2 protein chains.
Amino acid sequence: MDKIELNILGCGSALPTTRHYPTSQVLNVRGNLFMIDAGEGAQQQYRRLGLKFSRLKQIFISHLHGDHCFGLFGLLSTLSLLGRTGDLVIHAYGEMEELLRPVMNKFCRDMHFKVIINPLSPWKNEMIYEDRTVKVSTIPLKHGIPTCGFLFEEKQKPAHIIREMIDFYNIPVKEISQIKEGADFITEEGEVVPNSRLTTPAKDRIKYAYCSDTAYSEKIVPIIEGVDLLFHEATFMQADLARAKQTFHSSAMQAAEIAKQACVKKLMIGHYSARYYDIKPLLEEARNIFPETIAAYEGLKINI
Amino acid sequence: MDKIELNILGCGSALPTTRHYPTSQVLNVRGNLFMIDAGEGAQQQYRRLGLKFSRLKQIFISHLHGDHCFGLFGLLSTLSLLGRTGDLVIHAYGEMEELLRPVMNKFCRDMHFKVIINPLSPWKNEMIYEDRTVKVSTIPLKHGIPTCGFLFEEKQKPAHIIREMIDFYNIPVKEISQIKEGADFITEEGEVVPNSRLTTPAKDRIKYAYCSDTAYSEKIVPIIEGVDLLFHEATFMQADLARAKQTFHSSAMQAAEIAKQACVKKLMIGHYSARYYDIKPLLEEARNIFPETIAAYEGLKINI
């Protein structure tokens, strides 16, 4: 599965409606699934989107508001019933430990896997996870309680070696991987063939930034600069900016402003307030500032 | 609103599926709403069924398995956001207190209503709630952990006085309510007119019994005898009886057997295992024993 795909499980805000689930997303990085936030009903949406529980690798929780984590209880219980044995890491603000443990000790006593909480410092931009293909770092956000977003960056892939050059210079198989990593080739006659003649560069690394919940904050711009997709909350219309400020949320216009400043390739808005039945006006408001904007909806799958 | 109406919010079991929500019901007793169990997603289903949060009066939790109570966290948070001020009583096994408080202290700090937990003794059949129109008592069930069902009984309504008799005997207005409650009437001449000549009896009291989760238990039969509607779990088919016994659940056939023995008017089955994609075979199995059986489904509203 050679893709990076974002799945929207829920894109509503604190008050779930009949139209929107609270926040949850799953980033599929070549078959490894990373859950970002887990609002109530996340496990059911996970099933609806046809995602495999056995593929769930790590969970990232932006902050400890109920609409971003109340789905953890049911999800962990389901993973336990399904017989999971592999450890599950939840990256979250440290207080998560004291909230989750009492419930788990009571309800998930027969669990055959360990839940490991990796306590985050939401105030720092630091790497919190990496594997062979991806690394994840925190994005400090501006909200009523400690909150951070997450930047997912694909790791640099090796360059492609040009088939014809292997034949032309009789390059031995054992040297190919070094050349892919950037080495020059020295012929038997001692001629140095520069790497740039032998390879074509790998495709650009894909980057996805998740920023929710947050008030307008230009501090995040350098961190998310140039990402392929930015999810930025747009809880309110600009007309309700007073309410947005009061609750440490952003307007659709502000989300677009951040996207523009950070020169991202695409913006996705979400985390809509329950007051908007139709989210088209939010989308239009953002597109006026940043045309490459799309609106999240439950069930959306998008290749980044 | 002169009715007693049952609303099915969820009728699945421990593993929610794309077809079924975990268990939750709302009994509407003349406009007062009583929630019975609150599995994950209960608040969203509550909205979908068009029920008013302001009408939610009491919550009854049968037992502390996640699929019967993980929806409480989000529901309480939503009631708080909606500005509820009136106390909310949750009838549940005492341990609920230690599970709910830490989460509420963290997530519902700005709450303007009190959550009062009424600790139940699930081993006794005792009255735990009454108001002007209804009384509720516990039904001890047989499950892996302390569990009880709930019997909702409409209170005896006053008899109807016969209009023509008021005119015939010139009955003064002030005596009418006593006669409705059963008093005889004494004319000015001292003649005793027996109550039975003056009134027609009120309609039968409506009774609803909720029994989930439970293994087959004939002990409940005397308590639920003759109810208008019995909800009895039917997690498994009779063919999977070994699994039912092991997990303290019932088969559809056993649910029907209990309904038959208790001479109930109607049986509703539910709490289906995720293994059954189609629940028709469960319904047929029950109907073979007890023809007046219906199958619960999400969104069902039924007048009792």
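Two strands count as paired if DSSP finds at least two bridges between them. I began with that rule, and I note at once that this is a predicted model.

**Entry 1: a pair of strands in chain B**

I looked up strand 2 (residues 24-29) and strand 3 (residues 32-38) of chain B, which pair in the antiparallel sense over six bridges. Within this pair, I found B:Gln25 opposite B:Ile36 of strand 3 of chain B. For background I noted that strands of a sheet pair through backbone hydrogen bonds, either parallel or antiparallel.

**Entry 2: the sheet around that pair**

I then asked in what order the strands of the open sheet stand. The seven strands of chain B follow the order 6-5-4-3-2-1-18, and their pairing is mixed. I recorded strand 6 (115-120) and strand 18 (301-303) of chain B as the edge strands, since each pairs on one side only. On average, neighbouring strands of this sheet are turned by 20 degrees against each other, direction ignored.

I also looked for a helix against the sheet. Helix 4 (residues 96-107) of chain B lies across strand 5 (88-93) and strand 6 of chain B. The helix runs at about 165 degrees to strand 6 of chain B.

**Entry 3: strand 1 of chain B**

I checked how far strand 1 (residues 4-10) of chain B is covered, and seven of its seven residues are buried. On one pairing, six bridges join strand 1 to strand 2 of chain B, and the two run antiparallel. There I found B:Leu6 with B:Leu27 of strand 2 as its bridge partner. Strand 1 is also joined to strand 18 of chain B, by three bridges and again in antiparallel fashion. In that pairing B:Glu5 stands opposite B:Asn303 of strand 18.

**Entry 4: salt bridges within the chains**

I noted a total of 26 salt bridges over all chains, and I examined several of them.

The side chain of B:Glu5 meets that of B:Lys3 in a salt bridge, at 3.1 Å from N to O. Are these two residues buried or partly exposed? B:Glu5 is buried, at 8% relative accessible area, whereas B:Lys3 is partly exposed, at 26%.

Next I took B:Lys155 and B:Glu130, whose side chains form a salt bridge at 2.8 Å, N to O. B:Lys155 lies in the loop between strand 9 (148-154) and strand 10 (160-161) of chain B, and B:Glu130 lies in strand 7 (residues 127-130) of chain B, so the pair ties together parts that are 25 residues apart in sequence. I recorded B:Lys155 as partly exposed at 22% relative accessibility, and B:Glu130 as partly exposed at 43%.

I then turned to B:Arg205 and B:Glu153, which meet in a salt bridge at 3.7 Å, N to O. B:Arg205 belongs to the loop between strand 13 (199-200) and strand 14 (207-211) of chain B, and B:Glu153 belongs to strand 9 of chain B, so parts that are 52 residues apart in sequence are tied together. B:Arg205 is partly exposed at 27% relative accessibility, while B:Glu153 is buried at 12%.

**Entry 5: where chain B meets chain A**

How many residues does the contact take from each chain? I read 32 residues from chain B and 32 residues from chain A. The two chains bury about 2,900 Å² between them, with 65% of it on carbon and sulfur atoms. B:Glu40, B:Phe70 and B:Phe107 supply 22% of the area that chain B buries against chain A, more than any other three residues.

I counted two salt bridges between chain B and chain A. One that I looked up joins the side chains of A:Glu95 and B:Lys106, at 2.5 Å from N to O. On the side of chain B that touches chain A, the elements giving two or more residues are helix 1 (42-48), helix 2 (66-69), helix 3 (72-81) and helix 4 of chain B.

**Entry 6: helix 3 of chain A**

Lastly, I inspected helix 3 (residues 72-81) of chain A, which is mostly covered, with nine of its ten residues buried. Among the buried residues I listed A:Leu72, A:Phe73, A:Gly74 and A:Leu75. After this helix comes A:Gly83, whose phi is positive, near 85 degrees.

Note on methods
Residues are numbered from 1 along each chain as its sequence is written. Chains are lettered from A and ligands numbered from 1 in the order in which they are written. This is a predicted model: local features need pLDDT of at least 70, side-chain atom pairs count only at pLDDT 80 or more; totals for chains, interfaces and linings use all residues. Side-chain values use heavy atoms; hydrogens and water are left out. Helices (H or I, at least four residues) and strands (E, at least two) are DSSP runs, numbered from the N terminus. Axes are lines fitted to C-alpha atoms, for helices over the stretch in contact, and angles run from 0 to 180 degrees between N-to-C directions. Contact means heavy atoms within 4.5 Å. A salt bridge is a side-chain nitrogen of Lys or Arg within 4 Å of a carboxyl oxygen of Asp or Glu. Buried means under 20% relative accessible area, exposed over 50%, partly exposed in between (1.4 Å probe, protein chains only). Buried area is the accessible area (1.4 Å probe) that two parts lose on being put together, summed over both.
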